[in-house]
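I went through it topic by topic and wrote down what I found.

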Amino acid sequence: MMADSKNTPRPNDLMGLTPDEYDRVVDILGRPPNLTELGIFSVMWSEHCSYKSSKKWLKTLPTEGPQVICGPGENAGVVDIGDGQAAIFKIESHNHPSFIEPYQGAATGVGGILRDVFTMGARPVTNLNALRFGDPQHPKTKHLLAGVVAGIGGYGNCIGVPTVGGEVNFDPSYNGNILVNAMTVGIAPADRIFYSAAAGTGLPVVYVGAKTGRDGIHGATMASAEFDDDSEEKRPTVQVGDPFKEKLLLEACLELMATDAIVAIQDMGAAGLTSSSVEMASKGNVGIALDMDAVPRRETGMTAYELMLSESQERMLMVLRPGAEDRAMAIFRKWELDCAVVGETDSSGRLRLRENGEYVADIPVPPLVANAPEYDRPWTPTPAAPVLDAADVPAADDLCDVLKRLIGGPHLASRRWVWEQYDSQVMADTVHGPGGDAAVTRVHGTEKALATTTDCTPRYVAADPVEGGKVAEAWRNLTAVGARPLAVTNNLDFGNPERPEIMGQLGGALQGMGEACRALGFPVVSGNVSLYNETNGRGILPTPVIGGVGLLDDARRHMTLALKDEGEVILLIGKADGWLGCSLYARFMGVADHFAPPPVDLDAERAAGDLIRALIAEGEITACHDLSDGGLLCALAEMAMAGNIGASLDNPPADLPLHAWFYGEDQGRYLVTTNQPENVLRRAGSVPVAVIGRTGGTALTLPNGDHISVAALAAVHEEWLPGLMAAP
Amino acid sequence: MNTAVIVFPGSNCDRDVAVALQAATGRPPVMVWHRETELPPTDLIVLPGGFSYGDYLRCGAMAATSPIIPAVKARAAAGTPTLGICNGFQVLTEIGLLPGALLRNRDLRFICREVNIRVERNDTAFTANYAQGQVLRIPVAHHDGNYFADDDTIARMEDNGQVAFRYCGPNGELTDRDNVNGSRSNIAGLYNEGRNVLGLMPHPERAADLLQGVTDGAPMFASLAASLAA
């Protein structure tokens, strides 16, 4: 039976494995794999499950801190939020399926990330997302946007977890590869967190949830390949979601978790029964024997191969304490869920599958996991981007007109059409939902609140992956609502890693991310990598999405960006250099995006953020908004629209041209309003603070007298997206 | 005061309304699983929001066949105040305690938004703490809230004063623009003839404490607590 890979003929279809990887499988087994075994290796060693191209770089990220209870490697990251409670969160992509079938692709993305969080014992309390679509005028964009939004809402609304925030952006690079990244945050008692290690032998392995069907077979493999013109033929590999079933599964799992019945639990996500069983066996250093005939199934005639590779949704695998089966089954029956004992743990260290009394697969678990290929792919650093001199960007004749076009254009226009389709308030703890810098959610039954956000500025990353990869904006967004940033989850969406320039983007972005996370005390506790976001050889903009979570000790002290009253002083916190490279203004004036993006000074960033948090905590300011896309004037316009109050602006510092002052995108900055400016100035220390104007009236008035009414701004701001979606 | 909240598979505002009830009455409600066939002694029955049975078949249609429903109908018929919020309103129409039906929203999309509703009368157990004609800010979150009944039914309910709340503008004006989901006669909430059963699409339990941003739902629970305390 022993075989040598060198003289074993390879089958024609390696299921996505390379010839070298196939040979490695033969070496591990000592014989050629059968179909089922090859399928198992194929999904376990797919990019999606094994991180084989990114692992080397991911290891460089900081993952520890006093607040971290569990970093990367489990279903989700866990951080301490005090009072014996933990926040558990993760972001995950469902890009490829969402392009093929937007409603189900996005819906099951939400379902999958919810399971990752409640698998660990947490009740999910908020959902967020980060979405990227192609050119708004591309013939597929509206269809994809409408379907994805409906899918996210359809799942989250039904299961009853509020979708409180996210981002939606457009760029032609996503025409053939949209991005759908979904994030869930849950809360659990810190001493009752559930992990995936199935320690102990002779323990029952229990399957619960939906029956297994033929949907999603080899989904993880699909997600690890590029698209071509025939991608829509891959529709059968997209799963179908049932949020009602998941609601039952959620309640049943939390009810069972309140007992001591569970030893280990793992949701069946990518690679379904395969990855869940292998994960539990591997972490627990045990073997698992599964009886294929016992797996609940939707149709007859399913093979072991199909059962192991199906990505049917809303399923969980758990290892129970001996004798706990009856109690578990009673709970599952109450919630009308299918359940079955499908196997048991043993001391063999092997994954063994039985069908009709015969073994149909027999794989040693340690090498299946540990010998997964890991590639040090060749990479070339992104060439240094030239610095754009603000004087080389034309001054627009009418800065108010520019403002109107930016605030009413694809990049900055209101996303209300999107977020009104999401229930942002169910669970009744939403303090501030969509439309702010970060969402604020009360921790149920306490005075605390979690702040959550997702952020990425891909054009910065494309021009300079290191600077663009720094996660300051997410940190700033949490700070702007008064929260102490705790930790991040990241979703690294990139093109084909087999191209050195793409690996250069990935490596650069992770270098920047690592530097920033270290400097800001903002460790990475979970994440996901999505590569091969390419169609016909064209990659997306590099999009390392950051999901940030922060904590407010007193929810009542949260800050919002809306102007509150007339006659208040507007202050700019942070230094203004009028940086126009990669700015929306420069793009608007026809300057390409390949100039250097604004650099992030991490020391200054930290000082400004610490000042803002102190000012909020001490009640010194009445509104706060971080500056990002579109710079000072766009930020002020957003504050004015939210509060329906105007403002008059002073002359800029002498050395800056007006357009650079108003539209520069220097990092580490905030606008705040106050009626006690002297207190803020006294408190500022080394952080630059400048009075830039006053609130009042019904218009934004520039120092040269140009003005535009807040109502007119709000009208164009709200019109764009509904107009796009209603157009034939 | 004793209250009971019926929990169906897929209910997801059951905890939210329980919090609001406890805040108003000082006592936690009894949570009654849909498979029960009897209700505990209670002064108020609440059918909460959510997606009972995933909204499959038709919103509220499958919950209407739950074992607990005959007991709910019997108590409501005997005069026990019964409140259905969102999916609970849909269930009330499915089980015949309220007339009409809730169709898909006019623009066919789910809508989560804070809206204005006008209090049509304040002489009921649900609305005693409001002023007649008062405009409330309360959130809606639904896909199927477009109230429909035939002309005769609408006319009869108007004559009987069964309309509880109407979608309106900031000053109580009834406009088509403010009719968030296209309901007939801007109907946001309805009473039965005895005015002991109320169904409404907006979520008062999401407007019950300061941190939620609006508090116009709190007086509904306070009204119930005051008028039912005995």
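**Entry 1: Thr622(A)**

I listed the contacts of Thr622(A) beyond four places in sequence and found Met559(A), Thr560(A), Ala562(A), Lys564(A), Glu568(A), Thr673(A), Thr674(A) and Asn675(A). The model is a predicted one, and I read every value below with that in mind. One of these neighbours, Thr673(A), also makes a side-chain to side-chain polar contact with Thr622(A), at 2.6 Å. I placed Thr622(A) in the loop that runs between helix H21 (602–617) and strand E23 (623–626) of chain A. I also checked Thr622(A) against Glu21(A): the two are 601 residues apart in sequence, and their C-alpha atoms are 60 Å apart in space.

**Entry 2: Thr184(A)**

I found Thr184(A) in chain A, within strand E6 (residues 179–189). Is Thr184(A) buried or exposed? I noted a relative accessibility of 0%, so Thr184(A) counts as buried. Outside four places in sequence, Thr184(A) is in contact with Ile88(A), Phe89(A), Lys90(A), Ile113(A), Leu114(A), Val117(A), Pro124(A), Thr126(A) and Asn127(A). With Asn127(A) there is also a polar contact between side chains, at 2.7 Å.

**Entry 3: Asp346(A)**

I looked up Asp346(A) in strand E11 (residues 338–346) of chain A. Asp346(A) counts as buried because its relative accessibility is 13%, and the cut-off for buried is under 20%. I listed its contacts, leaving out residues up to four places away in sequence: Thr201(A), Gly202(A), Val286(A), Gly287(A), Ile288(A), Ala289(A) and Arg352(A). The side chains of Asp346(A) and Arg352(A) are joined by a polar contact of 3.1 Å. I also took the C-alpha separation of Asp346(A) and Pro204(A), which is 9.9 Å for two residues that lie 142 residues apart along the chain.

Most residues other than glycine have a negative phi.

- Asn285(A) has phi near 55°, a positive value, and is not glycine. I placed Asn285(A) in the loop between helix H10 (272–284) and strand E9 (287–291) of chain A. Asn285(A) is exposed, with 71% relative accessible area.
- Ala428(A) has phi near 60°, again positive in a residue other than glycine. Ala428(A) sits in the loop of chain A between helix H15 (416–419) and strand E14 (430–432). Its relative accessibility is 9%, so Ala428(A) counts as buried.

**Entry 4: H7 against H9 in chain A**

Two packed helices are described by the angle between their axes and the distance between the axes. For helix H7 (residues 141–159) and helix H9 (residues 243–257) of chain A I recorded an angle of about 35° and axes 8 Å apart. H7(A) and H9(A) cross in a right-handed sense. From H7(A) the contact takes Gly154(A), Tyr155(A), Cys158(A) and Ile159(A), and from H9(A) it takes Pro243(A), Phe244(A), Glu246(A), Lys247(A) and Leu250(A). I sorted the residues of this contact by class: six nonpolar, one polar and two charged.

**Entry 5: Ser223(B)**

I moved to chain B and found Ser223(B) in helix H5 (residues 218–228). Ser223(B) counts as buried, at 1% relative accessibility. Beyond four places in sequence, Ser223(B) touches Ala125(B), Phe126(B), Thr127(B), Ala128(B) and Asn129(B).

**Entry 6: cysteines**

How many disulfides are there over all chains? I counted zero disulfides, with the cut-off for a sulfur pair set at within 2.5 Å. Cys13(B) is in no disulfide, its nearest cysteine sulfur being that of Cys86(B), 6.5 Å away. Cys13(B) counts as buried, with a relative accessibility of 1%. For Cys339(A), the closest cysteine sulfur is in Cys253(A), and because the two sulfurs are 11 Å apart they are too far for a bond.

Note on methods
Residues numbered from 1 in each chain as written. Chains lettered and ligands numbered in written order. Predicted model: local features only at pLDDT ≥ 70, side-chain atom pairs only at ≥ 80, totals over all residues. Heavy atoms only, no water. Buried < 20%, exposed > 50% of the residue type's maximum accessible area, 1.4 Å probe, protein only. Helix = DSSP H or I, 4+ residues; strand = E, 2+ residues; numbered from the N terminus. Contact = heavy atoms within 4.5 Å. Polar contact = N/O pair within 3.5 Å; in protein donor to acceptor, adjacent residues only side chain to side chain. Axes fitted to C-alpha atoms, helices over the stretch in contact; angles between N-to-C directions. Left-handed = near helix turned anticlockwise from the far one by under 90°. Nonpolar A, V, L, I, M, F, W, Y, C, P; charged D, E, K, R; others polar.
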